[in-house]
Amino acid sequence: MTAQEVRLCGLLLREHFGEVVEKVGTHLLKGGAQNLRTIIHETGISLDLVKKSLCVLVQHGACVFRSGRKGAGSPTEYQTCCDRILRILRYPRYIYTAKTLYGDTGELIIEELLQRGHMTMSGTIKTVADRLTQNMEEGRSMDYSEVSSAFFRLVETHFLQRCPPLAGAEPKDSATPAAPSFPDCYKVPHVTLVGRGKRQLAITLLFAALLKFQLPLNCPTHGDEGICWQVNFERFHLHFRDQAIISAVANKLDQTSSEIVRTMLRMSEVTTSPTATCTKPLSANEIFRSLPTSYNIPRPILDQYLTLLIDDPMEFVGKAGESGGGMYVVNMHRALANLARATLESVVQERFGSRSARIFRLLLRKRHLEQKQVEDFAMIPAKEAKDMLYTLLSQNLVQLQEIPKTPDYAPSRTFYLYTVNQLPTARMLLQNCYKTVANLVERRLFESKESKRLLEKSQRIEAILASLQASGAEPEQLTEVEEMITAPEKQQLEALRLHINKLDSAENQVDETIFLLESYINSTASTS
Amino acid sequence: MAGRGGGRGRRMMTFSVEAVGITRGDSLPPSIQQPTPLFPVMEQKPLPLTAGEEEEYLLALKQEFRGAMKSLPCFIQPTAAHRDVERYSDKYHSSEQTEALTDWTPDWKRLPKELRVKKPPRGGVSAAVSRSDKLQSGQKKKKVKEKEEVLLKLETLQKKEEGQSSEDEEEEGEEKKKKQEEEEAEGEEEYDEEEFEEETDYVMSYFDNGEEFGGDSDDNMDEAIY
């Protein structure tokens with residue numbers, strides 16, 4: 001956990017769960033595994049609040065607990081990992097993907113599960129049906145079976161998985177959370193759930209008081225108590241990775257080649273493990289048969305496209321043999337490495353200019369170069385090349401490698417070579433991205449805090465307007481209420497809204513870069 | 001050793017000056033005496049954000065998600081600091097927050113035992129608060145008693161309220177109450193407060209306890225200000 005990661009996790013926890021959970025969470029992140037007493041003592045928060053915060057963190061999968069390390073009788077220890085908390089940045093993307101793949105029902109299922117951490121299947125279906133019914137016209141409601149079928153499809157394609165069973169009190173558990181792939185991971189329990197979604201009725205005051213008095217607890221059992229479901233982030237990440245590869249091929253070559261790659265990836269969805277270097281070899285005949293019917297390209301053209309894809313320097317597709325008309329694979333790890341490299345190059349280009357980017361690309365390709373060689377190969381005058389190299393060196397994007405000719409490292413008898421190491425540079429840029437997002441969040445909180453009074457006033461006025469409209473007031477009353485906000489205040493509000501939208505949108509887009517770099521770094525970790 | 005003697009009086013660096021390319025005549029950039037500025041000038045302006053339907057939808061999703069999380073019971077507010085004097089508006093403000101907290105029941109089987117939060121007993125009635133437990137007979141007795149008290153209260157209230165329509169509601173309400181299995185011990189107290197709260201005609205959030213008010217109504221004062 002680097003300082004930047006901890007800072008960003010703290011801000012995310014504050015925005016989504018409140019300041020108490022933020023304090024407890026950052027304390028756990030910085031301090032490793034701790035038991036309840038230590039947390040209370042060191043954070044100074046009351047026992048009840050700490051307990052609630054830990055419940056919230058465990059519910060959302062951010063914290064795991066296990067029995068203490070010192071033996072059977074020691075208190076349970078809690079440990080937080082920042083990866084899970086950093087996923088919060090990507091929630092909108094998960095929800096949007098579910099919408100594109102499974103429609104509004106899928107979108108709401110994923111959104112509910114992300115909001116609650118983990119839920120039983122029956123609970124999710126009921127809540128989603130109610131929400132869908134709210135948005136439908138009067139008199140229509142959503143049937144539970146439709147929502148159930150969407151849920152089944154999500155589980156079939158592994159976007160949802162069961163929560164892992166509790167590790168119990170085994171002291172030999174490792175510090176990492178239980179692996180998600182246990183035998184019943186994707187088995188849907190038999191659930192008796194018949195009914196339709198309920199619309200929230202307009203109720204009088206007395207009735208509302210009565211309803212509040214009774215707690216909504218007597219849910220009939222549906223046969224799946226204790227089986228909780230959670231969103232399977234890894235599966236979404238695989239989907240994003242595939243999408244990144246397909247869009248990169250589409251940008252570099254053309255639409256048809258991207259369709260071919262998409263077909264290959266779809267065919268090998270189930271046969272490829274998540275950490276595989278490349279997909280299983282597919283013969284050209286199979287690819288030809290599985291192409292979507294709208295793309296009826298003749299067989300020789302398909303072969304030509306495949307040859308083009310193989311020869312492309314990005315190395316997305318490779319040839320693995322000659323049988324069956326040619327065996328082809330999609331190189332996942334190499335594709336990720338190339339995408340990460342393109343990201344690094346574009347970062348250098350946007351920060352330092354295209355000539356510095358040229359030097360950077362040169363060093364990436366040629367590995368080690370001397371000062372003189374850099375100037376010659378990049379075709380940049382010596383003085384400017386020197387300047388640019390020093391700027392890159394000071395930003396740590398380029399490193400200096402010393403090769404001594406004599407054992408005493410005398411400066412006059414040593415080669416000094418400039419070099420770029422892709423993996424450490426990617427790690428450094430990833431930390432920069434975390435810092436960027438943390439800065440964006442802080443700035444957004446600062447802007448909101450500055451205009452807090454104005455925001456509260458506008459919210460109050462909107463509430464009044466809504467209640468007036470609901471009770472059917474005349475237009476004069478409405479305009480009178482609207483005029484309570486003066487014109488300069490309206491302008492200020494508009495500017496504030498624009499700023500906050502920009503900052504939020506920037507966070508989303510930096511997260512795309514974070515995803516690419518993280519995938520690349522994880523892929524190298526698994527191969528090494 | 002020899003190098004050190006020769007280097008006295010001249011600038012020396014740890015790496016070979018010629019190899020890296022600094023010739024004698026070049027002027028090095030001036031050494032920096034203070035921390036770099038907080039917002040350094042950027043030579044290259046950053047690219048604008050991509051804007052499209054997808055990005056706008058993602059933005060809307062993100063903001064809605066944040067808003068929704070704030071209203072969920074997972075969002076834990078620290079107990080507000082007590083102000084110096086008890087204010088009249090506290091009665092209205094504080095009940096809004098605590099409702100959400102009490103609604104959430106995590107699945108206690110998935111959490112360690114020590115994390116169970118027990119509510120402090122109120123009004124001398126001690127009740128176990130673990131809601132997923134099965135009912136014990138003692139609780140049932142208390143429940144029946146409280147149901148009767150509530151029914152009584154309802155009837156007295158109804159005499160003050162309108163006639164026919166509320167009676168129908170009361171019947172429905174009675175049926176509903178018979179179906180329920182559990183309730184909180186302090187539900188009665190909360191009920192009073194909430195029912196009383198619902199009776200007011202004012203929008204809760206609109207209530208201003210008058211602290212920020214003042215000093216701007218000097219126009220029509222006939223009397224002098226002392």
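Let's start at A:Gly321, which stands opposite A:Met327 in strand E9 of chain A. Before we go on, please keep in mind that this is a predicted model.

So which strand is joined to E9(A) by four bridges? That is E8 of chain A, residues 317-321, and the two run antiparallel. You can follow the pairing to another pair of residues: the bridge partner of A:Val317 is A:Val330 in E9(A). Between the strands of this hairpin there are five residues, and A:Gly324 takes a positive phi near 65° in the hairpin.

Now look at the other neighbour of E9(A). Strand E7, residues 282-283 of chain A, pairs with E9(A) in the antiparallel sense, over two bridges. Here A:Leu282 stands opposite A:Tyr328. As a reminder, strands of a sheet pair through backbone hydrogen bonds, either parallel or antiparallel.

Put together, we have an open sheet of three strands in chain A, with the order E7-E9-E8 and antiparallel pairing. E7 and E8 of chain A stand at the edges with a single partner strand each, so one side of each has no neighbour in the sheet.

What about the faces of E9(A), residues 327-330: are they covered or open? Both are covered. A:Met327 and A:Val329 are buried on one side, and A:Tyr328 and A:Val330 are buried on the other.

Let's move on to two loops. In the one between helix H8 (144-156) and strand E5 (160-162) of chain A, you will find A:His158. This residue has a positive phi of about 70°, although it is not a glycine. A:His158 counts as partly exposed because its relative accessible area is 32%.

Is A:Met379 buried or exposed? Its relative accessibility is 68%, so A:Met379 counts as exposed.

Last stop: the surface. Which residues form a positive patch there? They are A:Arg358, A:Arg361, A:Arg365 and A:Lys366. Take A:Arg361 as an example: this arginine lies in helix H15, residues 354-366 of chain A. With 32% relative accessibility, A:Arg361 counts as partly exposed.

That's my tour, and I'm happy to take questions!

How values were computed: Residues numbered from 1 in each chain as written. Chains lettered and ligands numbered in written order. Predicted model: local features only at pLDDT ≥ 70, side-chain atom pairs only at ≥ 80, totals over all residues. Heavy atoms only, no water. Patch = residues over 30% accessible without salt bridge, like charges linked within 9 Å, V, L, I, M, F, W, Y side chains within 5 Å. Areas by Shrake-Rupley, 256 points an atom, 1.4 Å probe, with all protein chains shown as cover. Salt bridge = Lys/Arg side-chain N within 4 Å of Asp/Glu carboxyl O. Lys, Arg positive; Asp, Glu negative; His and termini not counted. Charge placed at Lys NZ, Arg CZ, Asp CG, Glu CD. Buried < 20%, exposed > 50% of the residue type's maximum accessible area, 1.4 Å probe, protein only. Pairing = 2+ DSSP bridges.
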